[in-house]
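This report is meant for someone meeting the structure for the first time. Please keep the sequence and the model at hand while reading.

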Amino acid sequence: MIYCPRLITDPKEINAVYEFLKSQDLDYPQYDEWCRKAKREMELGYKKIIAIYSKDKSGNSFVIGELVFQQHKTDSSMIELKNLRVDRQYRNKKICTALLADVETYAREQGYKKIICDASSNSEDIVAVMTKRSYRIEAKESLYTAKRIDVILAKDLTEKQSIISATMSDLEKLIAKMKLLIVSLYRRYVLQLSRHSHSRNQFCR
Ligand SMILES: CC(C)(COP(=O)(O)OP(=O)(O)OC[C@H]1O[C@@H](n2cnc3c(N)ncnc32)[C@H](O)[C@@H]1OP(=O)(O)O)[C@@H](O)C(=O)NCCC(=O)NCCS
């Protein structure tokens, strides 16, 4: 079972995300050091995390995807995505899509105007997923080491198209909820009808 993404603040859950981050094979320079620093910043609330969980057979939940982000260091109108990762076993199930939709909703609600992130130009998966969600490539630079080119991606939340797609996604969620409600009301109605006819049959006998 997979749960909805949510913003986490509980120290135990932060620790679970930290363990998840450490378990991922990333070829970023000083990745372990970055994870330790990120954990401290998550505990302080400077870095924020949206995580998605699943449960094992014994009912223990575990992280299957996360998105770490923070307010941009120099531009307070922007959010910067720092890490986006979905466990290999759970890829292609729209988990990343759900994480990105969640951070975009959070950013809009908090009044941010733009979301940016950088990824190694070798991370074709990240670049492909982000461009599908209307992130545009703003620049290509070597941010960490001279050997590697990084792609800077950004989404303008004030653009008409971006607002329309956010409204559409809210509408889709609402329609899905309405469908569930109609199905459950219909089931209840059918159940009551069958109980009613059963008791009438008994009465007639
Ligand atoms: C990139 C990643 C986050 C995608 O997660 P995911 O949950 O599998 O993605 P989704 O299922 O939400 O897919 C979203 C869309 O992107 C596409 N997509 C997913 N993986 C893709 C890939 N490797 N290449 C191209 N497109 C891809 C999907 O087909 C889907 O398209 P659709 O909406 O048209 O159907 C995941 O593969 C991952 O964690 N990769 C490692 C990333 C990494 O190195 N992170 C650390 C640096 S920040």
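## The shell around the ligand

The residues of the shell around the ligand divide by class into 9 nonpolar, 4 polar and 6 charged, where Ala, Val, Leu, Ile, Met, Phe, Trp, Tyr, Cys and Pro count as nonpolar, Asp, Glu, Lys and Arg as charged, and the others, Gly among them, as polar. In all, 19 residues surround the ligand, and the closest are Arg91, Cys96, Thr97, Asp125 and Ala128; a residue is taken as near a molecule if its C-beta atom, placed from the backbone, lies within 6 Å of it.

Three elements, β4, α3 and α4 (124-132), each supply at least two residues of this shell, and the largest share, 5 residues, comes from α4. Helices (H or I, at least four residues) and strands (E, at least two) are DSSP runs, numbered from the N terminus.

## How the model is to be read

This is a predicted model, in which local features need pLDDT of at least 70 and side-chain atom pairs count only at pLDDT 80 or more, while totals for chains, interfaces and linings use all residues. Residues are numbered from 1 along each chain as its sequence is written.

## The sheet

An open sheet is formed by 7 strands in the order β1-β2-β3-β4-β5-β7-β6, and the pairing is mixed; two strands are said to pair if DSSP finds at least two bridges between them. Because β1 (6-8) and β6 (136-141) stand at the edges with a single partner strand each, one side of each is left without a neighbour in the sheet. From one strand to the next, the twist averages 30 degrees. Helix α1 (residues 11-23) packs on the sheet and touches β1, β2 (47-55), β3 (61-71) and β4, with its direction at about 95 degrees to that of β3; axes here are lines fitted to C-alpha atoms, for helices over the stretch in contact, and angles run from 0 to 180 degrees between N-to-C directions.

## Pairing from strand to strand

Together with helix α3 (residues 95-109), the strands β4 and β5 make a right-handed β-α-β unit; right-handed here means that, with the strands pointing away from the viewer, the path from the first strand over the helix to the second runs clockwise. On to β7 (residues 150-156), β5 is joined by 7 bridges and the two run antiparallel, Ile116 having Ala154 in β7 as its bridge partner.

## The two domains

The protein is divided into domain 1 (6-158) and domain 2 (159-205), bounds that come from an automatic or database domain assignment. Their C-alpha centres lie 35 Å apart. Across the boundary, 8 residues of domain 1 are in contact with 6 residues of domain 2, contact meaning that the C-beta atoms of two residues, placed from the backbone, lie within 7 Å.

On the side of domain 1 that touches domain 2, α3 and β7 are the elements that give two or more residues, and α3 provides the largest share, 3 residues. By class, this side of domain 1 has 2 nonpolar, 2 polar and 4 charged residues.
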